[in-house]
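Hi there,

Here is the structure I promised to pass along.

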Amino acid sequence: MSGRRIDLKGHAETVRHRMSSGEFGSVPVVLGLLLIWVIFQSLNSNFLSPRNLSNLSVDIVGTGLIAVGIVFVLLVGEIDLSVGSVSGFGAVVFAVLNVQNGMAEWLAVIVAVLCGTAIGLVQGFFFARVGVPAFVVTLAGLLGWSGLMLYLLGTSGTVNLDDEGLVATLTSHYFGNVAVAYGVAALGTAVYFLASYRDRRHRRATGMPCRSLAEIALRTGVVGLIVFGAAYVLNQFRGLPLALLIFLVVVAGLDLLLRRTPYGRRVYAVGGGAEAARRVGVNIVRVRISVFAVSASMAVVGGLFLASRITSASQTSGTGLLLLNAIAAAVIGGVSLFGGHGTTWSAFLGILVIQSIASGMALLGIQAAVQFMITGGVLLAAVVVDSLVRQAQKAHGRA
Amino acid sequence: MAVPPLLALRGVSKHFGAVQALADVDLTIRAGEVVALMGDNGAGKSTLVKVIAGVSLADRGVVEWQGEPVHVRRPRDATDLGIATVYQDLALCDNLDVVGNLFLGREIRRIGILDEVEMERRTRDLLSTLAIRIPNVRVPVAALSGGQRQTVAIARSLLGDPRVVLLDEPTASLGVQQTAQVLDLVERMRDHGLGVLLISHNMGDVKAVADLAAVLRLGRNNGLFDVNTTSHEQIIASITGATGDAVTRRTPRPGEAER
Ligand SMILES: Nc1ncnc2c1ncn2[C@@H]1O[C@H](COP(=O)(O)OP(=O)(O)O)[C@@H](O)[C@H]1O
Ligand SMILES: [Mg+2]
């Protein structure tokens with residue numbers, strides 16, 4: 001009886017602490033997303049149509065992949081301003097190698113991504129080893145890599161990609177067979193259930209507190225509802241988009257890397273207490289360099305998806321709002337600018353918010369000016385929430 | 001007598017530029033014994049801890065481990081010998097939970113994936129062995145009180161089964177109740193047969209748990225006292241450099257001034 005009461009109290013405390021520590025950072029953004037959807041749907045009944053949602057699910061992928069990379073850098077409390085330029089540069093490297101020099105597509109893709117990795121290693125080196133602030137290094141990168149991109153393009157302002165090629169297929173292919181979307185939904189739900197169930201069994205075997213079967217069933221039910229709902233909607237249009245599938249696999253895979261491996265644990269540790277991490281023998285220089293490598297590599301991958309969407313790479317690749325949208329996506333989704341808090345799923349949710357606003361505005365025929373202002377407002381709100389949470393937590397921790 | 005002390009320092013010296021932080025310091029720590037290291041601000045206490053822990057190198061002097069001279073050049077060397085250190089500024093990652101902090105840098109993994117269940121089980125075992133009460137080992141340590149954070153930092157140092165633990169001012173920023181928590185923990189460590197070096201400014205803490213008080217003054221040994229048979233005043237006089245008489249006269253404490 002009293003044991004149970006303590007448990008409940010402990011549980012309530014966990015929830016409260018998680019709230020204040022930003023682990024439930026996804027609750028406000030999910031609510032915000034639902035609100036945005038309701039508003040746009042009430043203004044234009046095409047907003048939640050399968051066609052629009054399907055397009056939305058492909059439009060988020062390019063910028064979303066870049067945002068996922070930025071999450072790594074934000075987690076160690078730094079920033080990467082070069083990702084827009086690097087994504088454009090990567091797309092152009094691919095286009096020049098494949099289209100102008102006849103290199104095989106798969107090889108050109110690999111070379112482009114490795115270029116991104118190399119760029120990240122160099123930028124990370126200057127930051128972590130030489131000690132130049134990341135802001136400055138990547139600002140130099142922002143200019144430098146777009147300069148190199150223009151140089152590579154030379155007189156040809158635009159390079160058109162092969163319409164039928166591998167990269168074009170990334171965003172043009174849909175799994176028309178309804179079984180694929182449902183199969184993926186079933187697989188996702190099953191993996192979620194089995195992971196939770198195994199964790200519970202393992203904990204029970206060692207006599208530790210664990211989730212009740214009812215809670216696991218409920219959570220699995222919610223997950224299942226969301227993914228089967230999404231599969232149903234996508235099947236109403238053209239089926240599961242290949243791009244969305246890749247995006248989800250990458251987000252889930254990198255989430256596993258960040259939250260379930262020693263490497264990921266060190267990334268969070270460096271963001272939450274670099275000195276503490278150093279004293280227990282974490283090589284913080286290596287961790288810091290690695291996150292910039294991930295960020296730049298993901299920037300190129302995202303850049304290839306953006307190029308795929310318009311089947312070309314040009315002088316405008318990676319320019320405009322791309323950088324800001326990618327950073328905003330991560331922050332809106334709940335990644336702290338102060339380091340140590342957030343996941344790759346934050347980037348997924350954040351880019352959904354941004355792209356939903358963009359898509360809704362386009363449907364309503366509202367000018368870009370208004371769209372910028374609204375997205376800016378959402379970003380400001382997210383950063384303010386983040387700052388307030390951090391301050392409250394600091395005050396609490398010192399108490 | 002036949003058993004050599006766990007740790008003995010002889011003639012350890014260290015300077016920073018013109019500042020002689022440590023000069024010919026001797027110190028001995030035995031198993032099952034709490035030695036308090038006392039001294040004014042800047043007396044060299046933290047510097048001594050860093051030398052023992054391998055964080056900084058002494059200019060001169062010998063470190064003996066169980067009677068054998070050893071070279072401690074890196075933190076790893078000290079850890080490998082069985083010396084654990086809890087620094088003055090607690091080095092915890094605020095965003096990680098208790099389990100994450102305890103196992104940071106030595107995570108248990110299965111096929112490359114963190115074995116959270118096993119790490120949590122060992123955390124609970126360790127905390128219950130030490131009778132440390134943390135309501136939930138899965139909350140980020142930022143949410144814990146100062147005393148709880150300190151006990152987490154100490155628990156982490158015990159995870160590698162050390163023989164000697166160095167605690168640099170573990171109670172400096174704690175309230176009365178939280179200080180008691182930490183001192184209880186120090187006593188349990190002694191009962192488990194560990195040698196403990198406890199740096200403290202607080203006579204009350206020292207009287208409560210220490211067996212011996214070693215005093216540093218301006219980087220030099222300035223007395224080694226048996227805490228149970230020595231008065232507050234004598235130790236304080238040795239810390240401040242005043243003569244024992246002057247201090248005794250200024251703060252008379254009947255019944256304790258017999259020495
Ligand atoms: N890294 C350092 N560089 C220069 N001087 C130092 C350094 N660390 C300590 N000192 C000096 O050495 C002396 C002893 O310091 P410290 O060991 O921190 O004293 P305590 O911990 O007893 O207060 C002080 O005069 C301090 O200024
Ligand atoms: Mg000190």
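**Salt bridges in the model**

Over all chains, the count comes to 25 salt bridges. Please keep in mind that this is a predicted model.

Let me start in chain A. Asp59(A) pairs with Arg309(A), with 2.8 Å between the closest N and O atoms.

Glu275(A) and Arg279(A) form another salt bridge, their closest N and O atoms being 3.0 Å apart. Both residues sit in helix H12 (residues 274–279) of chain A, four residues apart, or about one turn of the helix. Glu275(A) is partly exposed at 36% relative accessibility, and Arg279(A) is partly exposed at 27%.

Now to chain B, where the side chains of Arg138(B) and Glu116(B) meet in a salt bridge of 3.0 Å, N to O. Arg138(B) lies in the loop between helix H4 (116–129) and helix H5 (146–158), while Glu116(B) is in helix H4, so the pair ties together parts that are 22 residues apart in sequence. Arg138(B) is buried, with a relative accessible area of 17%, and Glu116(B) is buried at 13%.

These two residues also belong to a network of salt bridges, which links Asp199(A), Arg203(A), Arg265(A), Asp97(B), Glu116(B), Glu120(B), Arg124(B) and Arg138(B).

Best wishes

Conventions:
Residues are numbered from 1 along each chain as its sequence is written. Chains are lettered from A and ligands numbered from 1 in the order in which they are written. This is a predicted model: local features need pLDDT of at least 70, side-chain atom pairs count only at pLDDT 80 or more; totals for chains, interfaces and linings use all residues. Side-chain values use heavy atoms; hydrogens and water are left out. A salt bridge is a side-chain nitrogen of Lys or Arg within 4 Å of a carboxyl oxygen of Asp or Glu. Helices (H or I, at least four residues) and strands (E, at least two) are DSSP runs, numbered from the N terminus. Buried means under 20% relative accessible area, exposed over 50%, partly exposed in between (1.4 Å probe, protein chains only).
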